[in-house]
Amino acid sequence: MSQKLLLDVDPGNDDAIALFIALGSDEVDLVGVTTVMGNTTIENTTENALTLLQYVDRTDVPVARGASRPLADELETAEHVHGPGGLPEEVRADFPECSTTPIDTHAVDFIIEQAREHGDDLTIAAVGPQTNLALALAKEPALPEMVGDIYQMGGALKTTGNVTPQASFNFYADAAAAARVVQDGRPKVVGLDVTEHVYVDTEDIRALAEEPAPLSTMASILEFSIEEVRSKFGHDGGLASDAVVLADIVNDALEFEEAYVEIDTTGGPSNGATIYDEHGVYEQSPNCEVALGVDGERYAETVLESLRSFGE
């Protein structure tokens, strides 16, 4: 039986791959998509989500537009990484003009509605800034008890950040929201400790690029990070961080440990940092599960098999 999934995204290249995995895997029944600002503005992330669904003929999946800014901080996007509008121009050129619109329900209300409808059959995966999920928890505090798993993609537990020396982008983009989710959501935290250590090999991406669309377009999205991966990590492959969450939902690719975690919300140089109490010095009960191990083969296998289903 397929796992019912609600995906909260800010597309974004890696969000696009995560979305395609959710659509292409038999293990997942995607009940809806909610959008949040992050990699680009809410206008762009919403249009990108709609466009990606339209591109693979899945306009039956509802899209609910969410938060346009962080709870307390100023909006900072990552267009310098993902391209103007959140996706590279060479990728956007493959897409037809978007002809669909989001549903009238706000993302926060949609999350709560889906939780009430599907109960513990539902997994929520928030792979962008955590604003929508934090607001849903504020409005419905029982949300963690209503659903199965809540995935929180972000953080740097035992490694350095990717937007500051201490913080990952998703938590830095709305530190207050990330803190609320850790405090109240009992999430599975999937951070840079695992997402920066698994890749899809360049050879496999090139093979995908030789296939007709939409596979060639999916390859272009993965290709976008190859040079950065090679220069930063010395690996010959493409990175799709959000897809790591999907690889666990589909194929149990992650190893988790219970832990007590806090998020720095002080606004200083460590704002958005993940404070991981590895040695229990706070003497607090665990409030989440943290991903500290990842199976790279399962990750790559999940990505490629799910994407290749669109060519069948």
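Which element gives the largest share of the lining of the largest pocket? That share, four residues, comes from α1, where helices (H or I, at least four residues) and strands (E, at least two) are DSSP runs numbered from the N terminus. The structure is a predicted model, in which local features need pLDDT of at least 70 and side-chain atom pairs count only at pLDDT 80 or more, whereas totals for chains, interfaces and linings use all residues. Residues are numbered from 1 along each chain as its sequence is written, and side-chain values use heavy atoms, with hydrogens and water left out.

The largest pocket holds about 680 Å³ of space. On a 1 Å grid over the protein atoms alone, a pocket is an open set of points where a 1.4 Å probe fits, with protein on both sides within 12 Å along at least five of seven lines, and lining residues have an atom within 4 Å of a point; a volume is the space filled by probe spheres set on the points, which are joined across faces, edges and corners. The lining of the largest pocket comprises 39 residues, and D14, V81, H82, N162 and S241 are the closest to its centre. Elements that give two or more residues to this lining include α1 (13-24), α3 (79-82) and α8 (169-173). By class, the lining divides into 16 nonpolar, 15 polar and eight charged residues, with Ala, Val, Leu, Ile, Met, Phe, Trp, Tyr, Cys and Pro counted as nonpolar, Asp, Glu, Lys and Arg as charged, and the others, Gly among them, as polar.

For the second largest pocket the volume is about 170 Å³. Among its 13 lining residues, G148, D149, G185, R186 and P187 lie nearest the centre, and α7 (143-146) and β12 (288-294) are the elements that give two or more residues to the lining. Five nonpolar, two polar and six charged residues make up this lining.

D149 also takes part in a salt bridge with K188 (3.7 Å, N to O), a salt bridge being a side-chain nitrogen of Lys or Arg within 4 Å of a carboxyl oxygen of Asp or Glu. This pair links K188 in strand β6 (residues 188-190) to D149 in the loop between α7 and β5 (150-153), 39 residues apart. K188 is buried, with a relative accessible area of 14%, while D149 is partly exposed at 30%; buried means under 20%, exposed over 50% and partly exposed in between (1.4 Å probe, protein chains only).

The structure holds 13 salt bridges. In another of them, the closest N and O atoms of R116 and E140 are 3.0 Å apart. Because R116 lies in helix α5 (residues 107-118) and E140 in the loop between α6 (131-139) and α7, the pair ties together parts that are 24 residues apart in sequence. R116 counts as exposed at 58% relative accessibility, whereas E140 is buried at 15%.

Strand β2 (residues 28-35) has seven of its eight residues buried, so this strand is largely enclosed by the rest of the structure. Over seven bridges, β2 pairs in the parallel sense with strand β1 (residues 3-9), two strands being paired if DSSP finds at least two bridges between them. The chain passes from β1 through α1 to β2 in a right-handed β-α-β crossover, a term that applies if, with the strands pointing away from the viewer, the path from the first strand over the helix to the second runs clockwise. Three bridges join β2 in the parallel sense to strand β3 (residues 63-65), with V33 opposite V63 in β3.
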